Amino acid sequence: MAVEQKLLANAIRALSMDAVQAANSGHPGMPMGMADAATVLWTEYLKHDPADPRWPDRDRFILSAGHGSMLIYSLLHLSGYERPTIDDIRNFRQLGSPCAGHPENFMLDGVETTTGPLGQGFGMAVGMAIAERHLNAVFGDDLVDHRTWVIAGDGDLMEGVNHEAAGLAGHLKLGRLICFWDDNRITIDGSTDLSTSEDIEARYAAYGWHTVRCDGHDMDDVRRAIDAALADPRPSLIACRTIIGWGAPNKMGTAATHGAALGEDEVKAARAHLVWEHEPFELPDDIRDAWLEAGRRRQGDHRAWRERLDASPHKDEFLRRMEGRLPEGAAKGDYFDWLAANPQKVATRKASEMALEAINAAIPETIGGSADLTGSNNTKTKGQKPLTAADYSGRYIYYGIREFGMGAAMNGMVLHGGVIPYGGTFLVFSDYCRPAIRLSALQNARVIYVMTHDSIGLGEDGPTHQPVEHVMSLRMMPGLDVYRPCDAVETAECWALALQRSDGPSLLALTRQNLPQLRLERTENLSARGGYRLRAAQAGRKVVLIATGSEVEVAIKVADALEGQGIGADVVSMPCWSLFDVQDAAYRADILPEGPLLVSIEAGTTLGWERYVGRHGLSIGLDRFGASAPAEDLFKRFGFTAEAIVPRILESLARSRSG
């Protein structure tokens with residue numbers, strides 16, 4: 001006898017309220033409210049196979065409302081995924097359990113993205129939908145033909161990134177993207193009437209989305225809405241009117257179910273209301289079996305897809321891209337040979353474009369873009385055509401003025417698999433997309449951020465556009481490799497390292513102003529060390545100058561002046577702190593030895609440089625905002641010249657001798 005679907009949904013409710021109650025921490029209301037809609041989606045529509053969670057042509061399901069994490073943990077367990085086990089769920093929010101407070105993509109198969117920071121799951125879903133359409137255009141329906149499903153709450157739709165991402169999705173006509181809006185009209189503070197009165201469906205219609213409304217507790221009505229969404233070529237928003245905490249008779253429909261355990265008495269009352277006569281974490285066999293059967297229903301589709309893959313002439317290329325492996329020969333050194341023979345005096349943003357010409361020709365899975373600064377970021381190469389609603393095979397996205405949306409979309413593309421995205425904006429505007437950069441790092445996503453106009457060297461645009469604290473603050477982010485190359489060679493080396501790294505993001509901070517090429521001989525990738533001796537002292541070494549980016553050229557001039565006075569000075573270029581910090585102790589001690597005066601030179605905040613120069617070293621930097629003027633005048637005004645720096649070094653040397 002078939003199990004009534006309401007009972008399948010009640011299994012989600014029971015697991016959710018029991019897990020949150022056991023932890024005395026969490027958000028039971030959303031999983032209990034969306035259990036009916038999620039049951040319809042997962043048992044009847046979602047294309048997935050719990051036996052192979054990484055099936056490339058599976059549908060992607062993103063719980064953007066990540067605070068309701070017990071919804072996805074319940075769905076994964078009930079559908080037959082290897083984990084979470086029932087013991088994992090018992091230990092919800094406890095150390096060692098993969099059932100973290102918010103879903104983490106690296107903890108459980110089936111969790112496609114890390115969510116919790118509201119709005120970002122939705123933004124990443126847009127990126128996944130872009131990747132699906134692009135790969136479909138490249139490899140065809142036989143290999144790529146799936147959908148992206150999202151559950152988002154009121155908070156997701158209020159966050160600014162939702163506006164950016166939804167606008168982009170509508171513009172690109174991403175019809176394979178379907179979002180369930182959990183319209184429960186409750187936030188932590190109480191009713192949504194306290195903070196918003198907008199017409200969300202009208203807003204989405206204006207973006208170019210299809211919208212449809214349903215009763216989220218009427219499964220037939222949910223099916224009707226899904227079928228309508230599937231029939232429409234536009235991205236779809238399904239407004240599911242739900243009651244938060246549905247099933248908890250005294251608290252449902254109130255903020256009391258949003259972010260706290262129901263309490264023992266209310267859990268008992270909910271069991272009676274739901275007629276759920278089972279102990280905590282106990283699932284009756286008939287309900288368990290019905291869920292497992294639903295989890296197996298697309299295994300035939302999976303087998304048929306495998307047969308098509310095996311027969312496809314594109315099999316090897318498709319799998320290479322989906323597995324994140326670079327093409328053979330992608331690391332050839334022809335471009336470095338050319339630079340050695342043809343030194344370039346160019347801005348590092350231009351050097352980046354030159355490197356990308358070689359990269360994009362050799363690595364077909366790169367997809368570039370910019371937040372409306374293509375000509376300034378130099379992110380588009382000659383062979384790239386735009387990715388548009390009319391042609392998803394393009395490899396360049398015009399994101400518009402949507403830095404946060406761009407970052408979130410790139411995260412989604414990487415997590416989908418098959419593409420390597422990079423996107424550009426001004427470094428000062430990293431503030432707009434910093435939350436997405438943080439999730440790139442947290443999710444181990446190979447996203448490459450191209451951030452140009454990296455210091456006061458950008459000149460006349462003035463202090464609103466001149467980064468001061470940005471490079472240092474980004475260096476503090478765990479898992480993010482921040483590169484600030486000094487010339488065309490280092491820029492190409494940093495690009496190579498960013499592409500080779502498959503387990504996390506990279507950020508290139510690049511200049512607007514031209515810089516001379518300081519490396520004139522073909523060598524190994526010295527930037528891979530993070531920091532290296534660019535030039536050794538000629539006289540007895542008394543000073544070690546450590547610089548990054550445009551200030552390496554300044555350091556060379558300082559060293560020349562010191563050598564002219566018989567003071568030996570090494571010049572160390574340090575394009576990437578995080579790579580230098582993982583070198584062995586002997587290497588680091590050789591590059592930054594004890595004894596000489598250690599001096600850092602960087603046109604940004606000095607905070608942080610003490611880790612290298614020590615208590616008695618000298619940090620040349622900028623601990624204030626800049627000004628509007630030509631770059632050369634600003635470097636002179638703020639002391640980034642040999643004439644300004646050498647006296648400070650001589651003074652420090654004199655102090656150390658007298659002390």
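Predicted model: local features only at pLDDT ≥ 70, side-chain atom pairs only at ≥ 80, totals over all residues.
Helices here are DSSP runs of H or I with at least four residues, strands are runs of E with at least two, and both are numbered from the N terminus. Residues are numbered from 1 along each chain as its sequence is written, and side-chain values use heavy atoms, with hydrogens and water left out.

**The largest pocket**

Let's start with the open space. The largest pocket holds about 810 Å³. Arg 54, Met 322, Val 414, Leu 415 and Gly 417 are the closest to its centre, out of 31 lining residues. Helix H13 (315-322) and helix H17 (403-416) each give at least two residues to that lining. Sorted by class, the lining has 12 nonpolar, 9 polar and 10 charged residues.

As for the terms, a pocket is an open set of points on a 1 Å grid over the protein atoms alone, where a 1.4 Å probe fits, with protein on both sides within 12 Å along at least five of seven lines; lining residues have an atom within 4 Å of a point. Grid points are joined across faces, edges and corners, and the volume is the space filled by probe spheres set on the points. Ala, Val, Leu, Ile, Met, Phe, Trp, Tyr, Cys and Pro count as nonpolar, Asp, Glu, Lys and Arg as charged, and the others, Gly among them, as polar.

**Salt bridges**

Side chains of opposite charge can pair when their charged atoms come close. Searching the whole structure turns up 43 salt bridges (a side-chain nitrogen of Lys or Arg within 4 Å of a carboxyl oxygen of Asp or Glu). Here are some of them:

| Pair | N to O distance |
|---|---|
| Asp 52 and Arg 306 | 2.9 Å |
| Arg 176 and Asp 145 | 2.7 Å |
| Asp 301 and Arg 298 | 2.3 Å |

Take Asp 52 and Arg 306, which pair up at 2.9 Å. Asp 52 sits in the loop between H2 and S1 and Arg 306 in helix H12 (residues 299-311), so the bridge ties together parts 254 residues apart in sequence. Asp 52 is partly exposed at 21% relative accessibility, and Arg 306 is also partly exposed, at 31% (buried means under 20% relative accessible area, exposed over 50%, partly exposed in between, with a 1.4 Å probe and protein chains only).

Asp 145 counts as partly exposed at 28%, as does Asp 301 at 35%. There's also a network of salt bridges linking Asp 454, Arg 475, Arg 484, Glu 551 and Glu 602.

**Some buried residues**

Glu 266, in helix H10 (residues 264-274), is buried without a salt bridge; Lys 251, the nearest side chain of opposite charge, is 6.0 Å away. Contacts of Glu 266 beyond four places in sequence are Ala 248, Pro 249, Asn 250 and Lys 251 (contact means heavy atoms within 4.5 Å).

Arg 58 belongs to the loop between helix H2 (29-45) and strand S1 (60-63) and is buried at 10% relative accessibility. Residues in contact with Arg 58, leaving aside neighbours within four places, are Lys 47, His 48, Pro 53, Glu 112 and His 146.

Ser 440 lies in helix H18 (residues 430-442) and is buried at 0% relative accessibility.

Terms used
Lys, Arg positive; Asp, Glu negative; His and termini not counted.
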